[in-house]
Structure formats: C-alpha cells, structure tokens
Amino acid sequence: TVSLGAGTTEHGKLTASRTADLNYKDSVVLSATPDDGYYLKSLSVNTAAPATTAIDPDTTTVVTGNVATTEYGYNSYTFEMPADDVVVNCVFAKIPPREYEVAVTIADPATGTVSVVPPHAPAGDTVLITCQPKAHYEVSRILMNGFDLEPDAGSGTRDEASTYTFEMPSRDCELYVAFTPIEYIVNTPTVTGGTVTSNPTQALP
C-alpha cells in the first residue's frame with residue numbers, strides 16, 4: 001500500500017494515482033498541488049529501510065527516500081512499487097519574496113570603492129551603501145536610479161568612508177558613484193612689514 005503522511009495536506013495537497021491493490025513494480029504517480037503562494041519544497045518516498053537524499057535540478061524540490069523517484073511532469077513524480085509498503089510525505093513552503101539587485105557603477109574605479117549590503121533584497125528592506133574614497137579624494141556625486149542620495153547623519157567627510165541607506169523599491173536599482181580629488185585651500189597669515197601671497201590659493205594633492 002501507499003500511505004500519505006500529514007504533510008501532504010498542509011498548504012497544498014499531494015495525491016497518489018493508486019494507494020492499494022498494488023503489485024511489485026506497479027507504477028504510482030504522485031501529483032502535488034500547492035496552495036497559492038506556496039511551492040513543493042520536498043518530497044519523500046520511503047519504506048522501512050534507511051532514506052537517501054537527492055535534489056531535482058529542474059524544480060529545486062528536494063527528493064528524499066529509499067524508493068527511486070522520477071520526475072513525471074510539473075510537480076509530479078512517479079515511482080515503481082517496491083516489495084514493501086510505502087510512506088509518502090512532502091513539505092509545501094511559502095514562496096520567498098522576489099529580490100531586487102543593486103548594480104554599481106564607479107566613474108573611475110581607481111579613485112575609490114563602493115560596497116552594497118545586501119547586494120540584493122526584497123522590496124521594503126533597508127540597504128546600506130558604503131563609499132570609501134582613495135586618499136585625497138571625496139565623493140562628488142552619488143545617484144540612485146538617477147536621483148541624488150543624501151549621506152547618513154554623522155557620516156564621514158572628505159576622504160573618510162561615507163554611508164548611505166535607502167529602502168529597496170520593487171525594481172532593480174542602478175547606483176552611480178563619482179569620486180574627485182579634494183582641492184586644498186592655502187590660508188595666508190596676517191603679517192606686518194610685508195606681504196605673503198600664494199599662487200594658486202587652491203591646489204590638488
């Protein structure tokens with residue numbers, strides 16, 4: 001006989017084409033129908049012997065059991081009846097939310113680095129961007145999908161690392177970062193009996 005475990009009716013339904021009056025090597029087809037928002041995460045077909053584990057590469061459904069199981073169609077599997085009773089069970093799991101990615105473009109990669117954590121996330125999650133300029137460089141422009149991003153409060157200035165946070169929208173994002181050399185200002189002191197001049201008054205490192 002073929003017995004269906006408790007998991008075959010939780011968040012979906014698993015049915016067998018035959019459950020009784022089976023002979024050795026008779027074919028049995030298992031068909032899974034997940035509830036809306038769920039998918040067939042795992043399927044096990046076992047006798048009393050120790051179980052084995054494999055992963056169906058097409059559906060990512062984890063197929064376990066000591067009875068050889070073959071994919072028969074979408075959410076459908078078949079096996080030949082062994083010379084023993086069989087217990088079938090499965091797990092229907094909630095489909096994870098879609099994740100969106102952040103693609104990073106640095107105007108000149110030699111002038112600094114950018115990290116995005118996490119690099120992909122569901123809509124509504126918080127994403128942290130860290131920009132680390134090369135020495136004597138600073139962030140001159142940072143755009144997310146074409147719009148300026150403001151640095152976090154208390155974030156680093158000049159050639160220190162600066163951070164930016166944003167809420168992942170329900171779309172992939174494009175991040176553009178430009179680093180430019182810092183211009184240093186020369187301040188001349190007040191003197192008596194003469195003058196001190198500087199040319200230029202601003203200079204790159």
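1. Let's start with Ser162: is this residue buried or exposed? In this predicted model, Ser162 has a relative accessibility of 4%. Buried means under 20%, so Ser162 counts as buried.

2. Now zoom out to the whole chain. Of the 205 residues, 32% count as buried. The accessible surface is about 12500 Å², and carbon and sulfur atoms make up 51% of that.

3. How much of the contact count comes from residues 24 or more positions apart? Take the contacts with a separation of 6 or more: 56% of them join residues 24 or more positions apart.

4. Next, have a look at the open sheet of 5 strands. Its order is S12-S10-S17-S14-S15, and the pairing is mixed. Strand S12 (120–122) and strand S15 (147–148) are at the edges; each has a single partner strand, so one side of each has no neighbour in the sheet.

5. A quick reminder that helps here: strands of a sheet pair through backbone hydrogen bonds, and they can run parallel or antiparallel. Which sense do S10 and S17 use? Strand S10 (residues 99–106) pairs with strand S17 (residues 173–181) in the parallel sense, over 5 bridges. To find your way, look for Ala103, which stands opposite Glu174 in S17.

Note on methods: Residues numbered from 1 in each chain as written. Predicted model: local features only at pLDDT ≥ 70, side-chain atom pairs only at ≥ 80, totals over all residues. Heavy atoms only, no water. Buried < 20%, exposed > 50% of the residue type's maximum accessible area, 1.4 Å probe, protein only. Contact = heavy atoms within 4.5 Å. Areas by Shrake-Rupley, 256 points an atom, 1.4 Å probe, with all protein chains shown as cover. Pairing = 2+ DSSP bridges. Helix = DSSP H or I, 4+ residues; strand = E, 2+ residues; numbered from the N terminus.
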